[in-house]
Amino acid sequence: MTCQMGQDISLAAELLREGKLVAFATETVYGLGAHALDETAAARIFAAKERPTFDPLIVHIADRARLHELVLDVPEKAHKLAEEFWPGPLTLVLPKRDIVPGLITSGLPNVAVRIPAHPVAQKLLQEANIPIAAPSANLFGQVSPTSAEHVREQLGERIDYILDGGSCTVGLESTVVAVDQEQVTLLRPGGTSLESIEAIIGTVQVSNSSSDETTPQNAPGMLAKHYAPGTPLTIVSNLSEAMAQFSPAETGLLLFGESDLANQFAVTEQLSAESDLTEAAVNFFAAVRRLDKQHIKQIVAVPFPEQGLGRALNDRLRRASIR
Ligand code: TXA
Ligand code: MG
């Protein structure tokens, strides 16, 4: 039986307080939420997603005042980033308090926290009045959901409620940064650009933890293979190369900007005709899903410009292309 889907924030808040699983809209992607301070509830997230417990969860809070309930210390740089980017698509990794269950952080001494900007997520956090742990509401390793319907397709039978807040307005997960007294390290590129972060706090270390295919690294959960559709996805340097390598009639194209060659392919998903990275981010996961439902042998895509949201888009593309 599939779960209820609707816009009842009070019901969703009540279910969360009771230890149930509620998927909800955020501006980045839909999250699969559970009471972050209830280890049994959090364990249900791992079960529903079939997620390995070495991959820690992000804890969502309603406002900055609540940060100190979860973390021991907020270094100056973290404070500046929170002030600038919260609510919004930025996650800060900071030393945790004992109140945060070890399962949430996969046994690490740090916890990842963010304040989502989506009004539905905000109201839910306020009404529930608890911190909510939430990974993206998809099966582990698969394409992230940017609509309530995406969540229902994959997890509808495993969770208690889906709080529908429409389509996500950012479309890529939050940027994850670890902050200690001396340095800030980018663990996952995402909806807040590296450039905008560096404009606030100076140089950021870029972690290269994703070089290995299967083992967890210092940014756990950032496995090389991730965000993957069932249909093989190949990154090509240009569309002529794609046409030489594959039969275009059996190939779906994930396109960014206009191309004369686009109509040669079996099906094309235009991410942004104007080559706008923000628009491409909004459309990305839904476009990959639609291509994945077509009867095609492969999906091809050309890398995005490695700047702004292009960094996060390339990250998702690379992981989606690993088989
Ligand atoms: O936009 C988002 O961040 C979405 C929405 C729902 O908020 N959530 C999300 O969660 O993308 P998830 O679980 O799919 O990705 C969380 C990632 C982990 O895989 C890991 O790389 C990093 O955040 N992370 C979480 N806790 C961490 C910790 N304690 N230390 C280091 N990295 C951590
Ligand atoms: Mg995810």
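**Exercise 1.** State how far apart the C-alpha centres of domain 1 and domain 2 lie, and how many residues each gives to the contact.

*Solution.* The C-alpha centres of the two domains lie 28 Å apart. The bounds are 4-206 for domain 1 and 233-321 for domain 2; they come from an automatic or database domain assignment. With contact taken as heavy atoms within 4.5 Å, domain 1 contributes 21 residues and domain 2 contributes 16 residues.

This is a predicted model, in which local features need pLDDT of at least 70, side-chain atom pairs count only at pLDDT 80 or more, and totals for chains, interfaces and linings use all residues. Residues are numbered from 1 along each chain as its sequence is written, chains are lettered from A and ligands numbered from 1 in the order in which they are written, and side-chain values use heavy atoms, with hydrogens and water left out.

**Exercise 2.** Find the area buried between domain 1 and domain 2, and name the three residues of domain 1 that supply more of its share than any other three.

*Solution.* Buried area is the accessible area (1.4 Å probe) that two parts lose on being put together, summed over both. For these domains the value is about 1,500 Å², with 58% on carbon and sulfur atoms. On the side of domain 1, Val143, Leu172 and Pro189 account for 36% of the area buried against domain 2.

**Exercise 3.** Classify the ring pair Phe256 and Phe304 as stacked, tilted or edge-to-face.

*Solution.* Rings of Phe, Tyr and Trp (its six-membered ring) pair if their centres lie within 6.5 Å; planes under 30 degrees apart are stacked, over 60 edge-to-face, and the rest tilted. The centres of Phe256 and Phe304 are 5.2 Å apart and the planes are at 65°, so the pair is edge-to-face. Phe256 belongs to strand S13 (residues 251-256), while Phe304 is in the loop between strand S15 (298-301) and helix H11 (309-321), 48 residues apart.

Key: Helices (H or I, at least four residues) and strands (E, at least two) are DSSP runs, numbered from the N terminus.
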